[in-house]
Structures are given as C-alpha cells and as structure tokens.
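Here are my notes on this entry, point by point. Please read them with the model open.

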Amino acid sequence: MSRLVVVSNRVAPVDETKPTSGGLAVAVLAALKRSGGIWFGWSGDVADVPGEAVNEVRSGKLTYATFDLSTRDHDEYYNGFANSTLWPLFHYRLDLANFSRRNYTGYRRVNAFFARKLIDLIEPDDLIWVHDYHLIPMAEELRRAGVANRIGFFLHTPLPPLDLLLALPEHRELMRSFFAYDLIGFQTAADRRGLLDYAIQEAGGEMAGDTIFRALGRTASAEVHPIGVDTDNIERMAASAAAARYGARLRTSLGGRRLIVGVDRLDYSKGLPERFMAFGHLMNAYPANRNRVSLMQIATPTRTGVPEYAEIRRTLETLAGHVNGEFSDFDWVPIRYLNKSFARRTLFGLLRSAQVGLVTPLRDGMNLVAMEYIASQLPSDPGVLVLSRFAGAAWSIPDAIIVNPYDTEGVAEAIQQALDMPRQERVERWQANMDALRRNDVNRWRETFVARLEEAPFA
Ligand code: GDG
C-alpha cells in the first residue's frame with residue numbers, strides 16, 4: 001500500500017487534549033489516525049520572519065510536518081483570498097466577497113510555497129491528498145515542478161453554480177487549477193455540478209465517462225464522496241460525558257426544563273441570526289414554551305482577523321439580547337449564548353442532554369455537528385435533529401426534520417414538531433439516521449477516496 005500524504009492549510013495540534021474546532025481538522029485526524037502517514041501544512045503560527053524549516057513530529061503512525069507563515073502571507077492568503085473571497089463565494093455570498101488582485105497573488109504565492117516545501121518530503125509512490133479551498137492550486141504547482149504522483153483533492157465546502165463562479169475575476173486561472181488533480185471529491189452532487197459545468201461550458205472540455213472529464217489537455221475524475229464522522233468514538237465519548245460532573249450541573253441549571261442545542265463556529269454561513277429569530281418566533285407562536293424550553297447556542301469564535309466575523313458577532317449579541325430581554329423571567333433565560341470552545345467530550349455530553357439539535361446553516365458543505373448530534377444520543381430516548389436543507393448533511397441524514405432556514409415560521413413549527421414528537425417516532429427516526437451514519441463513517445470516507453485515488457490515472 002502506498003503512503004498517504006495529507007496536505008491541508010492547518011494541521012491539528014499534536015497534543016490531542018487541545019480542542020480542535022473546524023470540521024476539516026476533526027475529519028482528517030480521525031481518518032489519518034487509522035491509516036498513518038504524513039499530515040503536512042501550516043502550524044497555525046505567524047512570524048514576522050518565519051523559519052524556513054519544516055518541523056516534523058511523530059505520534060504513533062502519523063508524522064505531523066508543519067511550518068510557520070509570515071504576517072504578509074497570513075494576511076493575503078489566509079485572511080485575504082481564502083477567507084474573504086473564496087469562503088463567501090463558495091457559500092453563495094457574493095455580497096460578502098472581497099475581490100483583490102493583491103490577495104489573489106498572495107494566495108498563488110503561498111500555494112507555490114507549500115508545494116516547494118512538500119517536494120522535499122515526498123517519495124515517488126506516495127498518494128497525495130490535498131484538502132479544501134485554501135489549496136486549490138497545489139497540484140498545478142506540484143506538476144509544474146515535475147511531480148508525477150497521484151494527487152487527489154477534496155473540497156469540504158460547497159462549490160456554487162457556474163454563474164456565481166464567473167464573478168471571480170481570476171476564475172479562469174483558479175478553476176483551471178482543479179484540472180491538475182487526478183481525482184476531485186465533493187460532498188454532494190450539486191457541488192460536483194459546479195465544476196463539471198465550468199469544465200464543459202467555460203473551458204470547452206468534454207465528458208469521457210460517468211465521472212471522468214477532459215479539459216485543457218488533462219483528464220480527471222470528479223466524484224461525490226460525502227464525509228462522515230467517527231460514530232463509534234462519538235457514541236463512547238457522549239455516553240461517558242453524560243455521567244460527568246458538568247452533566248449534573250447542566251441538569252440542575254435546567255431544573256427539569258427542556259433544551260435545544262446549537263454548536264457552530266461563529267460564521268455567517270451557519271444561519272445563526274435566522275436561528276435566533278426562529279427561536280424568538282417559537283416563543284411568540286407557541287407561548288407554552290416560555291419558561292419551559294431553552295436554546296443553548298455555542299458559537300466558537302474563528303477567523304477573528306476577518307472583519308465580517310466581528311460583524312456577525314455583534315449582530316448575534318444584539319439578537320440574543322433582544323430575545324432574552326423580551327422573554328426572560330427572574331428564574332429563566334431563553335437563550336444561553338456562549339462564545340467559547342469546549343473539549344469534544346463535553347460537547348458531545350451537551351448534545352446528548354438536548355431534546356432538540358438545531359442545525360440550520362444557510363449553506364454548508366456537509367456539517368459534522370448534525371452527525372455528531374445523532375451519534376451522541378441515548379438510543380432508547382433520543383432527541384430530534386432539525387436540519388437545514390442547504391447543508392450537505394441533509395442528503396446523509398434523511399430522517400431528520402428538514403427545514404428551510406430562511407423560513408422563520410417554518411423553523412419554529414419544526415422545532416415544535418420536534419418537541420412534541422412521541423418516543424416511538426424519535427427512536428425510529430434516530431435508528432434510521434444512525435444506521436446511515438455508521439454505514440458511511442469517516443473511515444469509510446477515507447478508504448473509498450484513497451482506494452479510488454489508487455486507481456488513477458484515469459486517462
Ligand atoms: C467544514 C465545512 C464540513 C465546534 N465547536 C467546538 C468544536 N467544534 C467542532 C464540531 C465539529 C467541527 O468543529 C465543525 O465542523 P462542521 O462540519 O460543523 O463545520 P466547519 O468547521 O465549517 O467545517 C463543513 C466540514 O468542513 C468537514 O468536511 O462538514 O461543511 O464548512 O466537529 O464538533 N470542537 C471542540 N470545541 C468546540 O467548542 N472541541
């Protein structure tokens with residue numbers, strides 16, 4: 001079997017007791033722990049004058065190879081093109097996308113820098129698996145330097161339709177970079193469509209099989225490989241967390257009231273203002289819930305260097321204050337809004353304590369929290385997941401209550417339906433969802449993607 005070399009912008013801390021928020025790191029770590037290999041990427045540290053060296057640390061079967069970025073690279077590549085241009089664009093938010101030539105140049109420069117550093121580590125038979133929107137040009141840079149290895153790419157975010165992609169001034173160069181991979185994996189068929197439409201309609205390419213296309217002289221396969229979670233591990237952690245001390249603290253604080261939970265990175269794609277408004281509407285439309293049901297929203301701050309993230313934080317504080325001001329009682333607060341991060345075990349314990357999981361992004365590649373909520377439940381008395389149709393997870397968890405997150409009244413109705421659902425139906429829905437998640441867990445995701453990459457080249 002070939003060695004697996006995973007490349008992603010951030011590499012999780014070697015010390016696993018440190019919380020890792022962010023779906024990519026969580027998924028890649030779960031996948032790599034089983035297979036072993038190299039995990040190559042940015043250390044997360046910024047230095048005015050970064051050292052040139054790649055720092056290698058071994059832990060079990062896995063080697064972490066990391067390096068620092070300069071302040072300028074961090075500004076232009078990470079805060080700039082990746083998180084102020086591609087992230088909003090790929091989440092259908094042209095209104096929030098920033099277009100700057102300088103940031104695009106920085107993005108290309110840092111991708112070339114990643115490629116130069118990686119070349120020293122790889123062997124001819126290695127499988128290289130690049131992750132996410134930060135590193136789309138990696139394969140092109142590697143090919144330019146003569147690397148002939150099999151190279152795969154997985155996009156964790158959505159890819160929008162062709163017309164939105166065309167708004168990017170550099171769309172031609174960026175999209176062409178995809179074609180240097182052998183295998184390109186997407187979360188859903190709609191995301192894959194964006195690339196194929198581009199390849200055929202804009203780049204004059206053609207299909208050469210169900211998934212295989214030819215464009216600009218290269219052949220690649222574009223496939224749907226939906227990501228999963230480590231179900232066994234989550235079940236175990238959630239069960240042990242429920243017995244922990246803070247579980248008792250939470251129960252005491254609720255005083256027998258019911259709990260709705262949301263856990264998200266603090267990001268405008270996650271639909272948090274809409275969620276708070278739907279919860280406020282629930283209090284108005286179904287007043288029996290007052291003093292009986294609370295929403296606990298954990299919103300972990302991320303990307304604090306990007307101005308739009310400060311803006312969404314202010315919006316949420318205002319909205320939570322508004323709902324709480326209107327409906328609180330001297331012994332009850334409707335929204336418990338927490339801007340901090342928790343250990344994974346604690347998080348799964350909280351998910352298990354909640355009768356309703358509320359996952360309502362406006363657009364999401366997959367959404368692992370939806371899956372973690374299902375995997376954390378007590379099988380004999382599970383809670384109900386209310387899930388946005390615009391999360392990739394809606395295709396993987398079909399027996400959730402599926403909602404349109406823009407429809408405030410509809411989301412409030414769905415929450416009420418979840419709160420009222422009889423145990424028999426809860427158990428049946430949960431069982432169907434859990435079976436689906438077990439069949440397609442994170443190990444299966446890695447195995448099928450890597451097995452497919454081993455079959456490359458597809459020409
Ligand atoms: C991207 C795509 C896709 C959150 N807060 C804490 C914490 N988390 C963990 C969650 C979950 C992960 O972070 C978040 O994953 P999501 O999938 O929900 O969202 P993104 O970060 O946007 O991930 C997404 C994913 O990549 C994988 O392909 O699903 O669509 O956007 O695991 O539990 N973890 C800890 N403390 C926290 O406070 N320890």
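Predicted model: local features only at pLDDT ≥ 70, side-chain atom pairs only at ≥ 80, totals over all residues.

1. Helices and strands here are DSSP runs, numbered from the N terminus; a helix is a run of H or I with at least four residues, and a strand is a run of E with at least two. On that basis Tyr92 sits in the loop between helix 2 (71–90) and helix 3 (101–119).

2. Look at the backbone of Tyr92. Its phi is near 65°, a positive value in a residue other than glycine. Most residues other than glycine have a negative phi, and most peptide bonds are trans.

3. The peptide bond between Ala456 and Pro457 is cis, with omega about 0°. Pro457 falls in the segment after helix 17 (442–454).

4. Now the ligand. Its shell has 27 residues, and the closest are His156, Phe342, Asp364, Leu368 and Glu372. By type, the shell divides into 12 nonpolar, 10 polar and five charged residues.

5. Four elements each supply at least two shell residues: helix 1 (23–35), strand 11 (258–265), helix 12 (344–353) and helix 13 (368–376).

6. On its own the ligand has 730 Å² of accessible area, and the protein covers 97% of it.

7. Next, empty space. Rolling a probe the size of a water molecule over the atoms shows where such space is left. The structure holds one cavity of 30 Å³ or more. The volume of the largest cavity is about 60 Å³.

8. What lines the largest cavity? Its lining is made up of Ile374, Gly383, Val384, Leu385, Asp399, Ala400, Ile401, Met421, Arg426, Arg429, Trp430 and Asn433. Seven of the lining residues are nonpolar, two are polar and three are charged. Strand 15 (384–388) and helix 16 (423–439) each give at least two residues to the lining. Helix 16 has the largest share, with four residues.

How values were computed:
Residues numbered from 1 in each chain as written. Heavy atoms only, no water. Near = heavy atom within 4 Å. Areas by Shrake-Rupley, 256 points an atom, 1.4 Å probe, with all protein chains shown as cover. Nonpolar A, V, L, I, M, F, W, Y, C, P; charged D, E, K, R; others polar. 1 Å grid on protein atoms, 1.4 Å probe; cavity = no way out; pocket = protein on both sides within 12 Å on 5 of 7 lines; lining within 4 Å. Points joined across faces, edges and corners; volume = space filled by probe spheres on them.
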